[in-house]
Amino acid sequence: MNRLRRIAIGAWARPRAVGGEGPRARDAILIAGVALVSVFEGAVRPDLEWPLATALVTIAILPVLLWRRSAPLASVAVMTASTSAFALAHRIAGIEPNALVATFAFLTVPYAVFRWGAGRDRVVGAAVVTAGFVFTSLLGSDPVADLIAAVAFMGGACLIGALRRERVESRARQADSVRSREREALARDLHDTVAHHVSAIVIRAQVASADPAQVAESLRVIESEAQAVLADMRSLVRTLRAPAGLAPTPGLEELARLADPGPPPVDVRIDAPVAIPSIVASTLFRIAQEGVTNARRHSRGAKGIEVVVEVDDAAARVTVADDGAPPRPASGEGHGLQGMAERAALLGGETSAGPGPDGGWTLRASVPLRGAA
């Protein structure tokens with residue numbers, strides 16, 4: 001009982017979904033289109049007893065679509081009350097309740113309640129929708145058939161809205177998890193880099209204290225190492241910290257070792273005439289490693305994989321390309337590529353992936369050196 005109570009309280013207190021702002025320009029376009037269809041349908045349908053009134057009432061209710069995301073509960077209440085009142089007017093006049101096909105656009109309102117509404121909006125909105133379609137179904141000549149149709153359409157719209165929200169929020173949680181893991185991995189790389197520089201500083205300080213003749217040279221080395229530490233620290237301000245691993249931080253040397261006879265064989269070319277910060281080198285290695293792994297796993301019929309690293313005064317770039325057939329469409333972007341994009345973005349860089357100009361698949365990444373040096 002307590003568990004059910006906690007679930008009910010959690011459902012009621014659930015916050016609104018992100019992105020439920022409005023109105024939007026496309027809403028006005030939707031309303032204009034539905035209004036035109038309503039006028040046309042009212043003019044050509046012979047089965048409508050009140051064609052003009054039906055079209056006018058439909059058009060009068062359409063503005064609720066503007067606020068279905070920002071005020072979903074109010075929108076569904078206005079829509080339900082209006083349609084129920086019009087159905088009651090039909091019954092009082094002795095006419096079988098009828099509506100335009102264009103009113104299917106109103107299904108976006110219960111959808112919006114479950115897609116963007118807060119927990120209380122969903123609970124109260126579900127009750128309002130249920131009361132509305134039960135009331136209007138009872139006014140018809142075949143209440144059972146009308147009720148089944150209403151449950152199918154209204155319930156389906158609510159279910160689709162709820163499932164869409166769960167999918168979007170699940171993907172957002174996965175993206176946050178990937179981002180967190182990459183920040184922790186990048187922090188480990190930073191730990192190794194900083195530890196190396198600090199060790200050099202400590203050794204030089206000990207040399208200076210033991211041999212006064214080495215003070216000037218030691219101070220020069222200490223200054224250089226301290227500047228390198230500060231540069232790497234600026235690259236990763238506020239990244240999350242996890243315990244450092246024992247493996248050395250990979251750099252351009254490890255990247256060169258990605259060359260492999262295969263299958264398929266990997267050819268690595270590095271053009272780095274200028275030195276790059278250790279944290280940038282480790283980022284290039286991780287991205288290249290991910291690209292090679294993806295090419296071997298997903299490329300169809302690839303005969304070779306090429307990894308090219310180019311460094312100039314402005315940026316360091318890495319390209320991973322294969323000559324196979326493009327991979328089959330996946331259900332979503334892989335977490336590995338998401339992680340590499342996050343890792344590059346932390347250093348002010350960017351990544352892209354897609355079909356290559358000569359076929360196959362190409363992964364590109366660029367990391368600026370000015371922000372990381």
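The model is predicted. The largest pocket holds about 960 Å³ of space, and its lining comprises 34 residues. The sheet is open and consists of five strands, with helix α10 (residues 278-298) packed on it.

**The largest pocket**

- Of the residues that line the largest pocket, Thr 83, Ala 99, Thr 103, Thr 136 and Met 154 lie nearest its centre.
- Two or more lining residues come from each of α3 (51-61), α4 (72-92), α6 (119-139) and α7 (143-210).
- The most is given by α4, which supplies eight residues to this lining.
- By residue class, the lining of the largest pocket contains 18 nonpolar, 13 polar and three charged residues.

**The sheet**

- The strand order is β1-β2-β3-β5-β4, and the pairing is mixed.
- At the edges stand β1 (266-271) and β4 (350-355), each of which pairs on one side only.
- From one strand to the next, the twist averages 10°.
- Strands β4 and β5 (residues 361-368) run antiparallel and are joined by six bridges.
- Trp 361 in β5 has Pro 355 standing opposite.

**The packing helix**

- Helix α10 touches β1, β2 (305-311), β3 (315-322), β4 and β5.
- The direction of α10 makes about 10° with that of β3.

Technical notes. Residues numbered from 1 in each chain as written. Predicted model: local features only at pLDDT ≥ 70, side-chain atom pairs only at ≥ 80, totals over all residues. Heavy atoms only, no water. 1 Å grid on protein atoms, 1.4 Å probe; cavity = no way out; pocket = protein on both sides within 12 Å on 5 of 7 lines; lining within 4 Å. Points joined across faces, edges and corners; volume = space filled by probe spheres on them. Helix = DSSP H or I, 4+ residues; strand = E, 2+ residues; numbered from the N terminus. Nonpolar A, V, L, I, M, F, W, Y, C, P; charged D, E, K, R; others polar. Pairing = 2+ DSSP bridges. Axes fitted to C-alpha atoms, helices over the stretch in contact; angles between N-to-C directions. Contact = heavy atoms within 4.5 Å.
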